[in-house]
Amino acid sequence: MTINLSMALVLAVLYSVGFYLLMQRSLMRILIGIVVVGHGANLLLQLAGGPPGRAPILDAVGLDEISDPLPQALALTAIVITFALTTYLLALGYRSWVLVGHDEVQDDVEDRRIAARQKPDGAMEEGTAAETESSPEDTADSHELEEGRK
């Protein structure tokens, strides 16, 4: 099996752009990243299936000429999973927009507080544990969380 260089480049670009968008804070960018990675996965599955062949009906053609239906079934599954994730993230983005007024994913203040308590003595410090525990209410995230709960 030969590798098509242009298709490999298209796959690399799709995965690069998709994963870059997945690492953003905005839910809409994450959504677009999931869609782009989903398209990359579909293209990868189609390329893994090899060149197109005839329908897999036995006794009509030789075994060498039929196409493998497994990559096409996997691509169909990937399309369904991407569609489900897209609708879920659209619902999350809409709900976040209604409650908070934006769709950015915030840091969880309580998670930071728990992580600061469980740091071992030799761990690298972002801030002291005393600062995190003493005034977690003073951070911008906690104010936005409180506004979102009201």
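**Stop one: Asp107**

Start by selecting Asp107, which is partly exposed at 32% relative accessibility. Keep in mind that you're looking at a predicted model. Asp107 sits in the loop between α3 (69-99) and α4 (109-117).

Which residue's side chain meets Asp107 in a salt bridge at 3.0 Å, N to O? Select Arg25 and you'll have the partner. Arg25 lies in the loop between α1 (5-22) and α2 (27-48), so this pair ties together distant parts of the chain, 82 residues apart. Check the surface here too: Arg25 is partly exposed, with a relative accessible area of 42%.

**Stop two: Arg112**

Arg112 is another partly exposed residue, at 36% relative accessibility. With Arg25, Asp107 and Arg112 all showing, you have a salt-bridge network in view.

**Stop three: inside α4**

Now pick Arg113 and Glu110. These two make a salt bridge as well, and their closest N and O atoms are 2.8 Å apart. Both belong to helix α4, and because they are 3 residues apart there, about one helical turn separates them.

Buried or exposed: how does Arg113 count? Color by accessibility and Arg113 comes out as buried, at 17%, because the cut-off for buried is under 20%.

Definitions and conventions. Residues are numbered from 1 along each chain as its sequence is written. This is a predicted model: local features need pLDDT of at least 70, side-chain atom pairs count only at pLDDT 80 or more; totals for chains, interfaces and linings use all residues. Side-chain values use heavy atoms; hydrogens and water are left out. A salt bridge is a side-chain nitrogen of Lys or Arg within 4 Å of a carboxyl oxygen of Asp or Glu. Helices (H or I, at least four residues) and strands (E, at least two) are DSSP runs, numbered from the N terminus. Buried means under 20% relative accessible area, exposed over 50%, partly exposed in between (1.4 Å probe, protein chains only).
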